[in-house]
Amino acid sequence: MDLDHSNYGFSASKEEDRLTEDLTNPLPRAVLRFNSYSLLDGEWRFAIDEADAGLRDGWYLGHDYKHTAQWPGSIEEHMLESKEHPHSVGWHDKIVAWYEREFTLPELDESLEQSRTMLQLTFGACGYETRVWLNGRLLRTIEGEDVHYGEYTSFSYELRQENLHLVNRLTVRIADTMDAETPRGKQESHVYKRGGIWYQTYTGAVRSVWLEVVERNRLRSRLGVVSIVEDQLVRFNLTTRVHDPGCYTLRLKVFERDAADDSSPLATSDFPLRLEAGQKSQRVVLELPGAALWSNSSPHLYRLVAQLIDPDEYTAQIETYFGLRKIEARGRYVYLNNQPIYLDGILYQPGTATYEEMRKHMYAMKELGCNLVRVHIAGVDPRIYNLADELGLLLWVEVPSPHSSTREAARTIRPNCCAWWRLLRRTLP
């Protein structure tokens with residue numbers, strides 16, 4: 001290679017300015033919850049269940065695992081890394097994998113009222129079919145699932161105090177197939193094989209898993225924001241999770257993006273709620289007079305503080321950032337905030353990129369002069385929505401799709417689309 005050729009050269013990578021979001025949001029979610037947490041990433045015991053005998057033989061009660069694997073990662077990577085499958089190129093019909101590790105019960109902050117808090121276990125993404133056991137006991141998700149179906153969105157378990165020990169054993173069974181009726185994007189299936197534009201499969205433990213302390217009565221980390229720019233109104237869609245029925249207050253406060261902690265909010269409002277035990281969606285509207293609009297050239301953001309206050313004035317809080325914008329199509333033109341905009345977009349296929357890698361990619365796309373990023377039928381870290389908001393990038397996000405148009409395909413994609421829609425509404429008008 002002629003290194004003196006004008007098309008070749010070596011230069012140091014440009015260092016990007018670090019964003020506030022990187023320092024305050026270490027977990028793969030778009031909403032902040034300032035509490036104690038413990039990542040369970042790292043080395044797990046690992047085994048491929050070729051005969052799918054683990055459920056019958058009670059592997060969740062105890063099993064001799066001969067291999068280890070790094071979580072997060074894919075089953076395909078873990079098969080290659082294990083000596084048992086040194087020349088494996090993947091799997092072709094169905095795969096079942098088991099993972100297991102111990103964790104020590106975390107010490108709770110003494111300032112927390114322990115009668116008001118509990119431990120929650122969250123998987124950033126895992127699947128397609130996931131079962132989880134704690135000390136040999138099958139867990140149920142907050143939504144009441146014994147088995148979680150889906151591969152691209154998070155799901156959580158509340159851990160009951162009576163089932164916890166000083167040292168706990170967490171067991172996870174993950175199953176997937178090449179079924180073309182499950183959402184899989186451009187990964188291979190029974191219909192489309194690897195090669196050309198179709199990727200190899202990348203399934204399993206694909207995103208972080210963590211323990212965190214949450215309040216028994218709280219707002220979940222699910223938030224939709226819809227702005228009505230003409231009326232300077234913002235509609236917030238929140239989800240309450242309550243164990244103790246009673247009268248609560250939902251308090252919303254909006255600040256400038258970088259306002260000091262002791263500054264006064266630009267707007268605030270209280271919404272009295274009478275809540276039964278369980279989970280319920282809440283839709284409330286807040287007026288924000290004189291609000292600046294978000295645009296590519298001026299990505300103005302606000303900080304939302306949402307609090308659920310119980311009858312004893314105990315407060316559970318989440319935070320996020322949002323912008324006011326309106327996007328619509330009129331004929332063959334796209335309008336942003338009632339002004340025509342020329343979309344200078346780029347196709348982005350993140351594949352197996354980590355959040356840190358996606359962050360560098362999005363900085364580069366902004367540097368190229370793009371104002372829109374099309375994320376092509378792939379599951380991505382939810383933090384890219386915050387990153388796009390800060391950089392001034394519009395997102396066109398396509399959810400992973402099935403490879404067949406059948407009644408069963410429609411049934412499997414519906415819950416996945418609903419979960420993605422909750423995230424997408426943060427970046428839509």
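Helices (H or I, at least four residues) and strands (E, at least two) are DSSP runs, numbered from the N terminus. The structure is a predicted model, in which local features require pLDDT of at least 70 and side-chain atom pairs count only at pLDDT 80 or more, whereas totals for chains, interfaces and linings use all residues. Residues are numbered from 1 along each chain as its sequence is written, and side-chain values use heavy atoms, with hydrogens and water left out.

Helix H4 spans residues 355-367. The distance from the first C-alpha of this 13-residue helix to the last is 18 Å, close to the 18 Å expected at 1.5 Å a residue; the expected span is 1.5 Å times one less than the number of residues. Its buried residues (buried meaning under 20% relative accessible area, exposed over 50%, partly exposed in between; 1.4 Å probe, protein chains only) are Tyr-355, Met-358, Arg-359, Met-362, Tyr-363 and Met-365. These residues lie on the same side of H4, because they cover an arc of only 160° around the axis, the arc being that of the directions from the helix axis to the C-beta atoms. An α-helix has 3.6 residues a turn, so residues three or four places apart point the same way. Exposed residues Lys-360 and Glu-367 are carried on the face of H4 turned away from its buried side. Just after H4, Gly-369 adopts a positive phi of about 100°.

Glu-313, with phi of about 70°, is placed in the loop between strand S17 (302-309) and strand S18 (315-322), and counts as exposed at 57% relative accessibility. Asn-337, with phi of about 55°, is placed in the loop between strand S20 (333-336) and strand S21 (339-341); this residue is buried, with a relative accessible area of 13%. A cis peptide bond, with omega of about 0°, joins Trp-71 and Pro-72. Pro-72 belongs to the loop between strand S3 (67-71) and helix H3 (75-81).

Strand pairing was assigned where DSSP finds at least two bridges between two strands. Strand S10 (residues 167-177) is mostly covered, nine of its eleven residues being buried. It pairs in the antiparallel sense with strand S4 (residues 94-104) over eleven bridges, and Phe-103 stands opposite Asn-168 in S10. Strand S6 (residues 129-134) also pairs with S10 in the antiparallel sense, over six bridges, with Val-132 opposite Val-172 in S10.

An open sheet of three strands has the order S12-S13-S16, with antiparallel pairing. Strand S12 (218-228) and strand S16 (278-287) each have a single partner strand and stand at the edges, so one side of each is left without a neighbour in the sheet. Strand S13 (residues 233-242) pairs with S16 over ten antiparallel bridges, and Thr-240 faces Lys-280 in S16.

His-403 is located in the loop between strand S24 (394-397) and helix H6 (407-424) and is buried, with a relative accessible area of 12%. Leaving aside neighbours within four places in sequence, the contacts of His-403 (heavy atoms within 4.5 Å) are Ala-180, Arg-184, Gly-185, Gln-187, Ser-189, Val-191, Tyr-192 and Trp-198. The C-alpha atoms of His-403 and Lys-186 are separated by 8.8 Å, although these residues are 217 residues apart along the chain.
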